[in-house]
Amino acid sequence: MAVKLLLANDHVEGIRYYDTYRKHGGYTTAEKAFKMSPADIVEEVKKSGLRGRGGAGFPTGMKWSFLAKPEGVPRHLVCNADESEPGTFKDRYLMEFHPHLFIEGLLISSYALGSNATYIYIRGEYAWIPDILEQAIAEAKNHGWLGKNILGSGFDCEIYVHRGAGAYICGEETALIESLEGKRGNPRLKPPFPAIQGVWMRPTVVNNVETLAAVVPIIAMGGDEYAKIGVGRSTGTKLLSVCGNVNKPGVYEIDMTCSVEEFIYSDEYCGGIPKGRKLKACIPGGSSVPIVPANLLLKTAKGETRYMNYESLSDGGFATGTMMGSGGFIVLDDAQCVVRHTMTLARFYTHESCGQCSPCREGTGWMYKILKNIEYGKGKMSDIDLLWDIQRRIEGNTICPLGDAAAWPVAAAIRHFRDEFEWHVLNPDESQKRNYGLAHYADPIHVPAGA
Amino acid sequence: MSEQPQNFKVTIDNISIEVPPGTTILNAARMIGGDVTPPAMCYYSKLKNSGGKCRTCLVEVSKGSEKDPRPMPKLVASCRTTVMDGMEVKNITSEKVVDARKGVVEFLLLNHPLDCPVCDQAGECDLQNLSYEHGTEATRYEFKRRTFEKEDIGPYISLHMNRCIMCFRCVFTADQLTERREHGILDRGDHAQISTLLGTALENDFIGNVIDVCPVGALTDKTFRFKNRVWFTKPVDAHRDCPTCSGKARLWMRGEEVFRVTARKDQWGEVEEWICNDCRFHKKEASDWVVEGPSNIPRSSVISQGHYAGNVGTAETPVLIDKVIGKQPKITLDIHSISDVNRPEIELSRIEGPAHSDDFKKK
């Protein structure tokens with residue numbers, strides 16, 4: 001049985017209300033934290049090896065220690081709840097069903113970082129969640145966990161919920177900061193980094209919902225104890241939101257020691273592929289990370305078993321590996337068309353590009369139009385090479401990672417499923433009749449071009 | 001304590017220069033000048049926070065600094081990256097940069113209407129210069145180009161959104177020069193557009209400067225529109241006593257007629273001193289101005305083509321193109337090699353006066 005930290009009390013009825021949460025040991029960690037010094041909390045988080053759960057996997061303790069602390073300038077903690085990555089919905093689950101765990105994590109982190117005004121930037125599409133959070137904040141405030149002089153420590157903290165207007169780009173931390181300031185959500189150029197100049201030019205830390213919630217078990221059990229869970233540099237537990245062709249889609253908490261095969265096929269997690277179909281491909285970390293075919297998903301290029309953790313998933317680089325990302329686990333069975341799937345993603349990134357820098361603004365739309373042509377039987381053989389060339393010129397040449405996020409799925413799809421693209425070009429009529437390409441990717445004999 | 005801050009030594013394309021700390025790579029390259037200067041479409045040294053958007057000025061940093069010699073993993077925007085001591089930068093010597101820049105030019109031209117023949121900016125257009133210098137011969141884009149509905153933004157400035165490359169310069173100009181910005185970016189992605197809320201006219205005293213900062217023909221002068229080509233007019237520096245601005249301007253004249261008034265631009269195409277709307281749009285008489293002398297425009301060679309100094313074109317003073325323009329003209333296309341219409345044995349420059357159909361008769 002895997003360790004459960006964030007979803008340990010998931011079965012408790014009414015855990016989203018203060019009384020029930022308190023009865024089950026809620027806010028005892030906050031009591032413990034307020035007896036510690038802020039520097040000790042940062043030290044514990046550092047020791048725990050917690051990595052940012054938003055996608056990039058940057059060590060949280062290190063991020064916190066970068067925060068500039070000039071005299072007389074307020075600092076801020078901003079929670080990135082703009083969870084817009086297609087396939088990712090773990091933060092929604094946490095905020096909807098465990099709001100007090102989240103707020104306790106925010107409170108401890110605010111205390112550790114010295115943030116008197118903490119913001120939750122939540123995406124506009126989560127229309128009902130701000131009400132849940134605001135109710136939870138009000139309950140916490142009534143019981144003295146927020147406001148002035150919390151627990152007699154002399155520390156003041158207020159948490160504000162800020163609704164976004166529904167832009168994917170506002171999940172990028174500098175665009176989020178711009179949007180929070182009331183401006184157009186365009187990413188800023190770095191440097192200066194938010195840890196030096198963030199919201200209103202004040203030092204700011206931006207963290208994901210799950211990262212901040214994970215601070216609670218870290219402080220409760222101690223950083224060293226937390227670091228024992230998991231493997232290597234992938235410590236602790238991770239929430240994964242599974243969707244696509246599996247028997248049991250949903251949010252799962254894993255401790256990063258199970259293999260990908262176990263995760264997909266065991267009854268404890270996804271429960272296998274429905275209707276006896278075969279696994280074709282998978283995107284293990286939200287739509288931006290490279291798609292991998294089944295044979296490379298279950299085993300690395302070296303033939304080792306692939307595990308669900310940061311290192312193992314990215315084994316082999318982008319040629320044969322992928323990324324942990326934000327944990328949006330999308331499974332495709334052999335009835336799915338990779339071309340159509342890639343087109344859908346390209347449409348999403350075209351729609352969500354902010355239009356600030358030229359490669360992303362023009363390139364994403366171009367890729368979408370070409371993919372649309374291929375999907376609808378009007379493609380040419382040269383289009384595939386053209387797509388490769390476009391993604392190559394977008395990747396790494398933009399201000400923010402949206403350009404990379406738009407380029408990677410296209411690159412990976414061409415790298416691993418080139419013959420499916422070619423099949424679409426060569427059989428335009430047939431590709432219109434049956435909406436899937438070739439199905440032999442589930443077989444272990446296939447060797448991708450990039451390997 | 002009173003020590004002067006040490007200058008940083010930076011090497012760009014194997015040319016070293018010492019610059020004060022805080023200088024950007026682009027400005028350091030401009031101090032060297034010549035071919036090592038990356039092109040800049042959105043950066044404007046006079047506007048705070050500008051730059052970083054067009055990605056034409058990408059360079060490769062092959063050595064971060066003396067202390068930390070690791071190269072930077074990605075190409076960086078030279079207009080917003082400050083130099084470190086001992087930094088080594090590759091611009092035209094890096095294949096990665098040349099390739100990326102080609103890509104950026106292609107992206108910029110993807111939805112550009114290429115209506116240079118009817119565009120007032122033609123001849124002094126940064127995008128034209130950029131695509132001649134760094135672009136490819138043809139685009140690989142096969143789809144319909146994006147278009148926008150035309151919007152009227154007042155009696156003096158004409159907005160052609162189709163030509164816009166989203167450099168944000170005009171937005172920064174309005175932010176930093178005027179009291180209240182009336183235009184901005186609406187929408188996002190490839191449908192982002194410069195527009196005003198509810199169709200307001202741009203009426204601030206200094207808003208005419210957005211015409212000068214615009215690198216393309218998206219914002220042009222309505223009082224000059226379709227009146228003349230820039231290379232047919234002769235630029236002269238002139239000044240007047242203006243109560244609102246410095247009054248130092250550049251007149252674009254033909255004979256005694258003033259066709260257009262703009263601010264003076266330096267060798268990087270950047271305005272030296274902002275001028276007011278009154279000078280720009282209303283003082284169109286030669287008697288309003290005190291003419292100082294002909295302006296030297298090293299940047300847009302096509303303007304200097306029809307230059308007036310020294311009776312260009314007569315037999316006594318032959319045209320020394322390299323002296324007028326400052327550099328050798330590049331032949332982008334030798335028409336003789338691909339066309340049967342033009343016969344190589346007929347050398348047009350040998351014919352006295354304009355070519356006539358008699359010159360092409362087969363013997």
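In the predicted model, 25 residues of chain B are in contact with 22 residues of chain A; contact requires C-beta atoms, placed from the backbone, within 7 Å of each other. Helix α2 of chain B (residues 95–110) contributes the most to the side of chain B that touches chain A, with six residues. Helices (H or I, at least four residues) are DSSP runs, numbered from the N terminus. By class, this side of chain B holds 14 nonpolar, four polar and seven charged residues. Ala, Val, Leu, Ile, Met, Phe, Trp, Tyr, Cys and Pro count as nonpolar, Asp, Glu, Lys and Arg as charged, and the others, Gly among them, as polar.

The model scores ipTM 0.89 and pTM 0.87.

Chain A comprises domain 1 (18–228), domain 2 (242–333) and domain 3 (338–442), with bounds from an automatic or database domain assignment. The centres of domains 1 and 2 of chain A, taken over C-alpha atoms, are 28 Å apart. Ten residues of domain 1 of chain A are in contact with 13 of domain 2 of chain A. The side of domain 1 that touches domain 2 has two nonpolar, five polar and three charged residues.

Residues are numbered from 1 along each chain as its sequence is written, and chains are lettered from A and ligands numbered from 1 in the order in which they are written. In this predicted model, local features need pLDDT of at least 70 and side-chain atom pairs count only at pLDDT 80 or more, while totals for chains, interfaces and linings use all residues.

Note on methods: Two residues are in contact if their C-beta atoms, placed from the backbone, lie within 7 Å. Helices (H or I, at least four residues) and strands (E, at least two) are DSSP runs, numbered from the N terminus.
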